[in-house]
Amino acid sequence: QDLERRAAAAQTGTVAASMQLSYFYTSLSVARVYVAMEIPLDALKSPNQKGKAPGLQSTEVNFLGIASTPEGDVAARFSDALKVGPDGSLKDKSGKPLHYEKEFRIVPGKYSFTMVFSAGAFNAAAFSAGGESFGKLTVPLTVDARQAGELAMSGLVLSREAHPAAELGLGIAGLVENRRPLVAEDVQIVPSGSNQFKKSEAGFFYFEVYAPDPASVRAGVRVLDSKTGEPKSDSGPLKVGVPGDDGAIPVGSRLPIDGLAVGAYELEVTAVDSSGKQVRRTVDFEVR
């Protein structure tokens, strides 16, 4: 209820954070939306920590996510909580933001997704006065309809981390419940909550293809300059792998960060099958 007040209020959040959404089909009429966030740990100070020693104290971060239709109806919602700090389930990593992942299910359509989060107990007086510390992000969410017997593609996931699939269940990603890890060719791709990359760090991306004839599917990957549309990288035709038990064909690869100058770019993935059906997905990212 406290977080719902924040979601409904006109106030913007006071805690900076970044969030990326993607989606994957579980059937023709249902998709699972993958939420990835990054939140600065220093900003997660609950009101009862005033006067304590500097640095992150043990606290609980509460989350509320709501997907709404253009008419304002709630199509999906979830609430969650994570313990953060020296005595919590996630440890303070100096200089690194808190990484949070969650997934929920929804039918294809156009939505507005709002995520609200706060640390510690709700303080009504501070909230009314504009002094309560909380985060609030609202982004558009479009899940394309999928047709039976036709080629389809998921959204695109950006990532900074990739691990051998044998490590599933370890580290931060393994601590997040109620989600299916993203694995392609025995490599786990960990979604990033931000679309900004440093030239010195690794970059990856992940998507899934759904096809009546998987062996005929080819994919092309390009990186385009966001301002001019000029291609900066082109993979040429790529043969995708084999479907998993759920019929989805997972694809993961490196993002060519090291070959790009500082600037804004668009990752473009196009899948084509033997019938000539073509599906295209894009996602923006930055190199700093």
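**Notes on the cavity lining and the sheet**

1. In this predicted model, the residues that line the largest cavity divide into eight nonpolar, three polar and no charged. The lining is made up of Gln-20, Leu-21, Ser-22, Tyr-34, Ala-36, Leu-156, Val-157, Leu-158, Pro-191, Ser-192 and Val-283.

2. Two or more of these lining residues come from each of strand 1 (18-25), strand 2 (31-39) and strand 9 (157-164). Strand 1 gives the most to the lining of the largest cavity, contributing three residues.

3. In general terms, empty space left between atoms is shown by rolling over them a probe the size of a water molecule.

4. Turning to strand pairing, there is an open sheet of three strands in the order 1-2-5, and its pairing is antiparallel. Because strand 1 and strand 5 (98-106) stand at the edges and each has a single partner strand, one side of each is left without a neighbour in the sheet. From one strand to the next, the twist averages 20 degrees.

5. Which strand is joined to strand 5, and by how many bridges? Strand 2 is joined to strand 5 by nine bridges, and the two run antiparallel.

Technical notes. Residues are numbered from 1 along each chain as its sequence is written. This is a predicted model: local features need pLDDT of at least 70, side-chain atom pairs count only at pLDDT 80 or more; totals for chains, interfaces and linings use all residues. Side-chain values use heavy atoms; hydrogens and water are left out. On a 1 Å grid over the protein atoms alone, a cavity is a set of points where a 1.4 Å probe fits but cannot get out, and a pocket is an open set with protein on both sides within 12 Å along at least five of seven lines; lining residues have an atom within 4 Å of a point. Helices (H or I, at least four residues) and strands (E, at least two) are DSSP runs, numbered from the N terminus. Ala, Val, Leu, Ile, Met, Phe, Trp, Tyr, Cys and Pro count as nonpolar, Asp, Glu, Lys and Arg as charged, and the others, Gly among them, as polar. Two strands pair if DSSP finds at least two bridges between them. Axes are lines fitted to C-alpha atoms, for helices over the stretch in contact, and angles run from 0 to 180 degrees between N-to-C directions.
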